[in-house]
Amino acid sequence: MKRFSTIVATLLALVLSVSALSARELNLIPEPSYVDLEAEGDYVVTEKTRITVVDEMWHPAQLFAEEMMEYFGSEKPLRTVKRGDKGIKVRTDIFVPKEGYEMTVTEDSILIIGGSEVGVYYGLQTLRQLIITNDGRVPCGFIADEPNFEYRGAHLDVSRHFFSVEDVKRYIDILAAHKLNRLHWHLTDDQGWRIEIKAYPELTEKGSMRKETLIGHGLEPKWWDGKPYGGYYTQDEIREVVAYAADRYITIIPEIEMPGHSQAALHALPWLGCEEQEVGVWTMWGVTPEVLCAGKQTTYDFLETVLSEVVELFPSELIHIGGDECPKDRWKECEHCQAMIKAQGLANEEELQGYLVARIEQFLISKGKRMIGWDEILDGGVTETATVMSWRGINGGIYAAERGNDVVMTPMNLCYFNFYQTKSREGEGLQIGGYIPFDMVYNWDPYQKMSDEAKAHIIGVQCNMWSEYLKDMETVEVMLLPRLAAMSEVQWATDRRNNDTIRRKMEVMRKFYEACGWHYAPYYFEGRD
Ligand code: TNX
């Protein structure tokens, strides 16, 4: 009998410990590298909890306190102090990886040790998720964490539709909470030039406005809305957004498109074109034959003048020059382009594009910067130092990585968050096309088909948000979330993704999105994809 009750007791204890363990899962996104939850109990964070700041970690601590204002419904929760043993404590240690952190939770305190200021911030982002999704009860235990990829990016197209400074800041908040560290800001395109350039006021005076917007997929007159549309950022606003992002440890990479996707600039300054004729700011989506003339010295002077202002505004070492989708029709007919091909001993128009890209790269290097471009920069013979963004599938990226170029993987079939999220498309509104459900992003192997040498050159992964059919920030958020959660697991936690736990983790993340007031798509949670 005694033996029987011992067995029952042991079984009971086992069942209890298993259920206690599952109740004590952290459900964090992205998944940390190491979690030990063997200790019992919780630390309960309230608005009165203090943050002791060591090693001058005031900035991440105060930012975290600010981010928790809404949750606590208080103006000044989580006061930061210089000394104290209880509550939250943040400091740094050189033994922790730079972007990483260690977090130790006991019933009396939470200690976060970052490898640097940004590591402390990421530790606090983890803590933020734990507090918000567990009513302030943070389970005792230990976490050690660091990212897989150094470059964790998201892109935002503000040319096809314009997003205000406040909108872009909201976007940045969402990226930071998912531990992303790059915003690729697509500032110019055929349908609108969105950045003030002092040397050429026409770019924004004329190039930021289009006559109307294509709101359908067809090309009949009824598919245009007939309403003038525009908007741009002054240089002061650009500085404000850059600083806001930097405060959240996000580097903004500006993109100035060339030599294609430049019709808005051609409208503002017709002498940039081969034929110098008047073209409107484009009111179609897709690829226009109107491109910058690559034969005239004036085009190069223009690009260098624009980039000289851009490099002053953006501390980012990488500057994006576009380079994608440049039809060569005009160049074939242009005496300047043909003369340049001859003078430089180039074989054809493809090589002329390569010449332009190489010349711009040299200019950026002279400014202490490095060039990044879409994978078409490979077509004209890529230089050794350029970083390549692989969007036409993965092959361009693999080819470049094998040659030793740095590569950011962002293949269209997996990373275009302007694509539909469900097969039926029900309730999704009109989008550009495609189909990328949550699980497809989550299960993507960014190292697919790669040799070890190539892998070493993949600096990171990015999702893109092209805004042809994204007319406001609410729509952008619904396209971004929850897929960004899947993307952040690929970027931060590639080697620890787990299909057995992701659905449960996402239910918890959904609570977090709601608490933050962010819009998200419901389909994944409804089991509909
Ligand atoms: C391709 S990706 C483009 C964009 C469009 C997008 C639509 C790339 C370098 N070019 O100009 O907006 O497709 O999804």
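## A look inside the model

By class, the lining of the largest cavity has 5 nonpolar, 2 polar and 4 charged residues. Here Ala, Val, Leu, Ile, Met, Phe, Trp, Tyr, Cys and Pro count as nonpolar, Asp, Glu, Lys and Arg as charged, and the others, Gly among them, as polar. This is a predicted model, where local features need pLDDT of at least 70 and side-chain atom pairs count only at pLDDT 80 or more, while totals for chains, interfaces and linings use all residues. Residues are numbered from 1 along each chain as its sequence is written, and side-chain values use heavy atoms, with hydrogens and water left out.

Back to that cavity: about 80 Å³ of space lies in it, and its lining includes Leu266, Pro270, Cys274, Glu290 and Arg330. The structure holds 5 cavities of 30 Å³ or more. A cavity is a set of points, on a 1 Å grid over the protein atoms alone, where a 1.4 Å probe fits but cannot get out; lining residues have an atom within 4 Å of a point. Grid points are joined across faces, edges and corners, and the volume is the space filled by probe spheres set on the points.

Now for the ligand. Residues around it, with a heavy atom within 4 Å, include Arg160, His261, Trp374, Tyr416 and Phe419. By class, this shell has 6 nonpolar, 2 polar and 4 charged residues.

| Side chain | Ligand atom | Distance |
|---|---|---|
| Glu325 | nitrogen | 3.3 Å |
| Asn418 | oxygen | 3.0 Å |
| Glu468 | oxygen | 2.6 Å |

Taken alone, the ligand exposes 360 Å², and the protein buries 92% of that. Areas like these come from the Shrake-Rupley method with a 1.4 Å probe.

What about the protein's own elements? Helix H18, residues 483-493, has 11 of its 11 residues buried, among them Arg483, Glu489 and Trp492. Buried means under 20% relative accessible area, exposed over 50%, and partly exposed in between (1.4 Å probe, protein chains only). Helices (H or I, at least four residues) and strands (E, at least two) are DSSP runs, numbered from the N terminus.

Thr410 sits in the loop between strand E20 (406-409) and helix H14 (412-415). Thr410 counts as buried because its relative accessibility is 0%. A polar atom of the Thr410 side chain is 2.9 Å from the backbone oxygen of Gln462.

Ala515 belongs to helix H19 (residues 502-516), and its 37% relative accessibility makes it partly exposed. The C-alpha atoms of Ala515 and Glu70 are 8.5 Å apart, though 445 residues separate the two along the chain.

Terms used: A polar contact is a pair of N or O atoms within 3.5 Å; within protein, one must be able to donate a hydrogen and the other to accept it, and residues adjacent in sequence count only if both atoms are side-chain atoms. On a 1 Å grid over the protein atoms alone, a cavity is a set of points where a 1.4 Å probe fits but cannot get out, and a pocket is an open set with protein on both sides within 12 Å along at least five of seven lines; lining residues have an atom within 4 Å of a point.
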